[in-house]
Amino acid sequence: MSARLVSAIVLSAASALAACAPVSTSADGVATSATARTCIFQNDIRSFRVSNDERNVYVRGLDKTVYRLEVAGACPELDNTLAIGFAPRGGMNSLCSGDYTRLVVGGSPSTMPCSVRMTGALTEAEVAALPARERP
């Protein structure tokens, strides 16, 4: 492999990793790193629950972290579903805070995917505050 190709690969990888860390500006206009984006791979999702108002879907990952997906608009049959899947935009198999994806609801072949936004991981206190029915 040529040195140019290796340099391009390393630069691409570094750029991809940097994209996961949001940047904010301080009072004096200097860019500062904010809290890192939280991400989950689709294969790591072990369980899910839908909120009573059907506006949120909570998923639990392999490491027992709970993430909230905010439903954007109507999502028919979400309250009765036994399975969900994701059809991420751009072919990525991970969801990070702020990402939008299509939620595929199981149970009916005619169901249209719903749009959801990953809002991020919940703290232990936030998970404990959820009604028992909504905890994955």
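**Core, sheet and one serine**

Author: Start at Phe86. Leaving out residues up to four places away in sequence, Phe86 touches Gln42, Ile45, Val59, Leu69, Leu95, Thr101, Arg102 and Leu103. Keep in mind that this is a predicted model.

Reader: Which residues have the most contacts inside the largest nonpolar core?
Author: Phe86 is one of them, along with Val57, Val59, Leu69, Leu78 and Leu103. That core has 18 residues.

Reader: Which strands each supply at least two of its residues?
Author: Five names here: E4 (45-50), E5 (56-61), E6 (66-72), E9 (100-105) and E10 (114-121).

Reader: What lies apart from that core?
Author: Another core, of 5 residues. Tyr58, Val66, Leu122 and Val127 are among them.

Reader: How many bridges join E5 to E6?
Author: There are 5, and the two strands run antiparallel. Within that pair, Val57 stands opposite Leu69 of E6. Both residues are on the list of those with the most contacts in the largest core.

Reader: How about E4 to E5: how many bridges join them?
Author: Also antiparallel, with 5 bridges. The hairpin of E4 and E5 has 5 residues between the strands. Glu54 in that hairpin takes a positive phi near 60°.

Reader: New topic: Ser47. Where is it found?
Author: In strand E4. Its bridge partner in E5 is Arg60.

Reader: Is Ser47 partly exposed or buried?
Author: Partly exposed. Its relative accessible area is 25%, and buried would mean under 20%, so Ser47 does not count as buried.

Reader: What does Ser47 touch?
Author: Tyr58, Val59, Arg60 and Pro136, again not counting residues up to four places away in sequence.

Reader: How many residues apart in sequence are Ser47 and Pro136?
Author: They are 89 residues apart in sequence, yet 5.6 Å apart in space, C-alpha to C-alpha.

How values were computed: Residues are numbered from 1 along each chain as its sequence is written. This is a predicted model: local features need pLDDT of at least 70, side-chain atom pairs count only at pLDDT 80 or more; totals for chains, interfaces and linings use all residues. Side-chain values use heavy atoms; hydrogens and water are left out. A nonpolar core is a set of buried Ala, Val, Leu, Ile, Met, Phe, Trp, Tyr and Cys residues joined through side-chain atoms within 4.5 Å. Buried means under 20% relative accessible area, exposed over 50%, partly exposed in between (1.4 Å probe, protein chains only). Helices (H or I, at least four residues) and strands (E, at least two) are DSSP runs, numbered from the N terminus. Contact means heavy atoms within 4.5 Å. Two strands pair if DSSP finds at least two bridges between them.
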